[in-house]
Amino acid sequence: MSRNLRCMVFVMVLLAGQAVAQQAPLTRIAFGSCAHQQKPQPIWDAVLAYRPELFIFTGDNVYGDVTSAAMTELREAYAAAAKIEGMAALRAQVPVLATWDDHDYGQNDGGGDFAYQQQAKELFLDFWRTEGDDPRRQRPGVYDAKVLGPPGQRVQIILLDTRSFRSPLRPTDERHALGKEAYLPDPDPTKTMLGEAQWAWLAEQLHRPAELRLLVSSVQVLAERHGFERWGNLPLERQRLLNLIAETGARGIVIVSGDRHIGALYRLSENVPYDLYEITSSGLNMAYAHNKDIGPLRLGEVYGLDNFGTIDIDWRAGEITLAVRDIGGKAVRGVAIPIAALAP
Ligand SMILES: [Fe+2]
């Protein structure tokens, strides 16, 4: 079967939103975040050379913070992104999935109270070529999930929406201070990261059978002690997620995130049913070399230059490799994990 035809079959499977038994198992997944449409994006050459079978846009896929309901900035951002050669080539050749973060949501650090979220959602769904009967067109938010691959080699991609329902965050009392740069943890039990409908949906998703699950959250889940956006801004919600993973017994979870303008790997081993790993890749062209990350759970150093992330799956060896890759495609941070270890 030609590569294009294989891609087409794959896309049809994606669009059908179903696992199909005959489908070849996924072995190479790439992802990335934080791609500014007004800056060059040379990284796509390396992404394409990696030959991903799937690419996941994990948020801040464009920068289009808006100033009015006309949504001009976001509309123009998507129009400019569509013309970027490398991104266009990727979108033509590789099946893609996407969720959003604040800058393609339309408001810096925006949450559930953002007035224009419905307009932003329509632009998002159109840009990402979402079908008219897609469930995301019927329900609030852009969360979504797919199971890809044959039984025994299924990869579930869970795309969370950490914007549409999120409660206001508690502002810092010491702006730019290390560890409290913008926000302070807020243990208010009435505050939510996902909203009740998405929490219920996520519980259902974690009960679906899959050997491997990529839990995609635009903002970091495991990373602790920095004062930028992360699940730890709402520590009870972070704990709720860890509890849900334990209660459902869902195996095979790896957390995938972006947003932070660095690449890094994290592992949480305490009070979890099995070692939880998180791979953060950010940005595709918006990395900040000066970004600090106190990072008690981090594996190795942060990577401060532009990067993308990959998940290589060796089904025969029963092993996955998470890697942060530089703009030449070289793995600059990585960890190999036996799939069997990702189970209670
Ligand atoms: Fe962000």
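## Surface and overall form

The protein exposes about 13,800 Å², and carbon and sulfur atoms supply 52% of that area. The model is predicted. Of its 344 residues, 59% count as buried.

The radius of gyration is 19 Å, which agrees with the value near 20 Å that a compact globule of 344 residues would have. Eight helices and 14 strands make up the secondary structure. Taking contacts between residues at least 6 apart in sequence, 70% join residues at least 24 apart.

## Cavity

The count comes to one cavity of 30 Å³ or more. About 40 Å³ of space lies in the largest cavity. Its lining consists of Thr162, Arg163, Arg166, Leu169, Met193, Val219, Glu229, Arg230 and Asn233. By class, these lining residues divide into four charged, three nonpolar and two polar.

## Second largest pocket

The second largest pocket has a volume of about 440 Å³. It is lined by 20 residues, and those nearest its centre are Asn108, Asp109, Ala182, Phe228 and His261. The lining of this pocket has eight charged, seven nonpolar and five polar residues.

Tyrosine 266 lies in strand β10, which covers residues 264-268. With a relative accessible area of 0%, tyrosine 266 falls under the 20% limit and is therefore buried. Leaving aside residues up to four places away in sequence, tyrosine 266 touches Gln220, Leu222, Ala223, Arg260, Leu276, Tyr277, Glu278, Thr280, Asp293, Leu297, Arg298 and Leu299. Tyrosine 266 and alanine 70 are 196 residues apart in sequence, and their C-alpha atoms are 40 Å apart in space.

Glutamine 205 is found in helix α7, residues 196-207. Glutamine 205 is also buried, because its relative accessible area of 8% is under 20%. With residues up to four places away in sequence not counted, glutamine 205 touches Ala145, Gln156, Ile158 and Arg213.

## Backbone geometry in loops

A cis peptide bond joins serine 282 and glycine 283, with omega at about -5 degrees. Glycine 283 lies in the loop between β11 (276-280) and β12 (308-314).

Positive phi values occur at arginine 51 and at asparagine 271, neither of them a glycine. For arginine 51, phi is about 55 degrees, and the residue sits in the loop between α2 (44-49) and β2 (54-57). Its relative accessibility is 46%, so arginine 51 counts as partly exposed, the class between the 20% and 50% limits. For asparagine 271, phi is near 60 degrees, and the residue is found in the loop between β10 and β11. Asparagine 271 counts as exposed because its relative accessibility of 78% is over 50%.

Methods:
Residues numbered from 1 in each chain as written. Predicted model: local features only at pLDDT ≥ 70, side-chain atom pairs only at ≥ 80, totals over all residues. Heavy atoms only, no water. 1 Å grid on protein atoms, 1.4 Å probe; cavity = no way out; pocket = protein on both sides within 12 Å on 5 of 7 lines; lining within 4 Å. Points joined across faces, edges and corners; volume = space filled by probe spheres on them. Nonpolar A, V, L, I, M, F, W, Y, C, P; charged D, E, K, R; others polar. Helix = DSSP H or I, 4+ residues; strand = E, 2+ residues; numbered from the N terminus. Rg over C-alpha atoms; globule rule 2.2 N^0.38 Å. Buried < 20%, exposed > 50% of the residue type's maximum accessible area, 1.4 Å probe, protein only. Contact = heavy atoms within 4.5 Å. Areas by Shrake-Rupley, 256 points an atom, 1.4 Å probe, with all protein chains shown as cover.
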